[in-house]
Amino acid sequence: MSTSEYRKNVNLDLIHTFLRSLNFTHGIWYVYLLHQGFTYFEVGIFETIFHFTSLTMEVPTGIVADLYGRKVSRVLGIFSYVIYVLILIYSTNIILVSIAFIFCGLSFTFESGSGEALVYDSMKISGDESFFINFLGKKEILYQIASTIALFIGGWIALTSFKINFWIVLIGYTGALTAILLMKETPLILHKKTKKVAQLLYEHFVISTKTVFSNKRLTLLIIIGALVSAPITSLFFLISDHLISNLGYSKFLMGILLGTHAAAGAIGGYFAYKLEKHYSEKMILYLVPFFTSISFWLILIDQIIFVPFVLLGFLDSVFYVVLGDYINKIAPSEQRATILSFGGMSFSISMIILFPIVGWISDNYGMMYSFAVLASIVTIIFFIMVIIIKNNHLVHKKD
């Protein structure tokens with residue numbers, strides 16, 4: 001088996017990541033919907049629909065990726081996102097916009113797990129899996145650089161028309177689709193293809209579920225990753241309108257702050273590998289949530305909001321890269337995409353519960369109360385993590 005084609009998968013995935021992450025709607029879709037006449041609560045419902053779709057479809061789409069091809073899953077993800085964008089461009093009907101967010105959720109579930117699974121198994125075939133964390137670092141850097149560009153320019157484009165941002169995204173996704181089509185599919189468990197589809201899906205789901213929940217460390221890593229990411233994601237969406245409506249930022253200045261947040265994420269992606277090499281898992285799992293908690297409380301101070309928000313971009317990337325490496329080292333190849341999808345499912349559960357609540361609080365009491373709730377949640381998560389680590393349930397025990 002030639003390994004050169006599988007090595008190419010790594011670079012093609014990085015190209016795909018960059019083009020897909022040039023999402024000029026990332027920082028403005030929330031504000032765009034508010035400008036279309038929707039309330040905070042309604043936008044929160046749209047986000048809930050997105051995450052409910054993710055919740056219910058994460059594992060099924062992960063199974064599709066494991067059994068029928070990671071490339072197939074990723075291509076379906078691209079087409080689902082295109083449908084989402086087209087509906088948002090042409091409709092303000094609440095039902096159609098809700099359907100759009102179903103397709104948006106499907107897009108992320110088809111990509112979630114299948115992308116990392118394809119690359120990790122490609123690197124296993126070529127004997128390069130020890131460099132996977134380097135790949136995750138590079139991928140996070142490219143994601144954040146592309147996000148920085150998109151947020152800076154997206155804020156400027158939005159001054160003319162929000163909808164131009166959505167059209168540019170469609171161009172970027174065309175390039176991302178091309179990169180996926182050029183990839184070499186990793187060998188799947190072809191001998192199982194002789195079984196009926198229903199039997200395959202059932203067996204694969206049962207095996208993957210047992211793998212996740214029989215390994216306490218794997219379960220906790222997945223849950224902790226979701227619980228830390230959900231408040232940061234909620235803050236990212238809420239802060240756009242806070243900057244414009246409450247602090248008087250222009251759309252362009254909003255784009256600069258969001259872009260700087262993403263740039264800090266690129267730095268975090270670069271340093272994640274170095275931090276993992278120099279510090280123990282216990283130290284990283286202590287420090288990142290601790291400084292995340294501090295940053296959330298500092299967000300409440302408008303005069304210095306820039307500093308903690310940018311720091312959160314750095315911390316979020318470090319945590320994403322390090323946890324991704326820890327989880328992939330544990331996950332078996334045959335169930336990798338499905339197991340990684342459990343992480344997306346946990347994140348979706350967190351967002352389904354959290355985002356409508358903070359949206360409702362923003363509508364009725366103001367944005368600062370929402371920020372305080374998020375800060376309190378992250379602080380509680382930190383103290384729970386301290387207890388878990390002290391009981392030796394989360395940190396890998398070296399032989």
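The conversation below goes through a predicted model and asks how some of its descriptions are reached.

Visitor: What makes Tyr81 and Tyr84 count as a tilted pair?

Guide: A search of the whole structure finds 18 aromatic pairs, and in this one the ring centres of Tyr81 and Tyr84 are 5.0 Å apart, with the planes at 50 degrees. Rings pair when their centres lie within 6.5 Å, and planes under 30 degrees apart count as stacked while those over 60 count as edge-to-face, so the angle of 50 degrees makes the pair of Tyr81 and Tyr84 tilted.

Visitor: Where do Tyr81 and Tyr84 lie, and how many residues apart are they?

Guide: Both Tyr81 and Tyr84 belong to helix 4, where they are three residues apart, or about one turn of the helix. An α-helix has 3.6 residues a turn, so residues three or four places apart point the same way.

Visitor: Why is Tyr84 called buried?

Guide: The relative accessible area of Tyr84 is 3%, and buried means under 20%, so Tyr84 is buried. By the same cut-off, Tyr81 counts as buried because its relative accessibility is 4%.

Visitor: What makes the pair of Tyr84 and Phe101 edge-to-face?

Guide: The ring centres of Tyr84 and Phe101 are 5.4 Å apart and their planes stand at 75 degrees; planes over 60 degrees apart count as edge-to-face, so that is the name this pair receives. Tyr84 lies in helix 4 and Phe101 in helix 5, residues 94-111, so the pair ties together parts that are 17 residues apart in sequence. Phe101 is buried, as Tyr84 is.

Visitor: Which residues do ring pairs link into a cluster?

Guide: The cluster linked by ring pairs consists of Trp29, Phe38, Phe46, Phe50, Tyr81, Tyr84, Phe101, Phe108 and Tyr173.

Visitor: What is the reach of helix 8, and which of its residues are buried?

Guide: Helix 8, which runs over residues 162-181, has 20 residues and reaches 30 Å from its first C-alpha to its last, close to the 28 Å expected. Among the buried residues of helix 8 are Phe162, Asn165, Phe166, Val169 and Tyr173.

Visitor: What makes the meeting of helix 4 and helix 6 a contact, and which residues take part?

Guide: Contact means heavy atoms within 4.5 Å, and Arg70, Lys71, Ser73 and Arg74 in helix 4 meet Ser114, Gly115, Ala117, Leu118 and Asp121 in helix 6. By class, this contact has two nonpolar, three polar and four charged residues. The axes of helix 4 and helix 6 come within 9 Å and cross at roughly 150 degrees, and the crossing is left-handed.

Visitor: Why does Ser80 count as buried?

Guide: Ser80, which has its place in helix 4, has a relative accessibility of 7%, and buried means under 20%, so Ser80 counts as buried. Not counting residues up to four places away in sequence, Ser80 touches Phe103, Leu106, Ser107 and Phe110.

Visitor: What makes Pro289 a buried residue?

Guide: Pro289 has its place in helix 12, residues 281-298, and its relative accessibility is 2%; buried means under 20%, so Pro289 counts as buried. Not counting residues up to four places away in sequence, Pro289 touches Ile284, Phe319, Val378, Phe382 and Met385.

Terms used. Residues numbered from 1 in each chain as written. Predicted model: local features only at pLDDT ≥ 70, side-chain atom pairs only at ≥ 80, totals over all residues. Heavy atoms only, no water. Helix = DSSP H or I, 4+ residues; strand = E, 2+ residues; numbered from the N terminus. Buried < 20%, exposed > 50% of the residue type's maximum accessible area, 1.4 Å probe, protein only. Axes fitted to C-alpha atoms, helices over the stretch in contact; angles between N-to-C directions. Left-handed = near helix turned anticlockwise from the far one by under 90°. Nonpolar A, V, L, I, M, F, W, Y, C, P; charged D, E, K, R; others polar. Phe/Tyr/Trp six-rings, centres within 6.5 Å; stacked < 30°, edge-to-face > 60°. Expected span 1.5 Å × (residues − 1).
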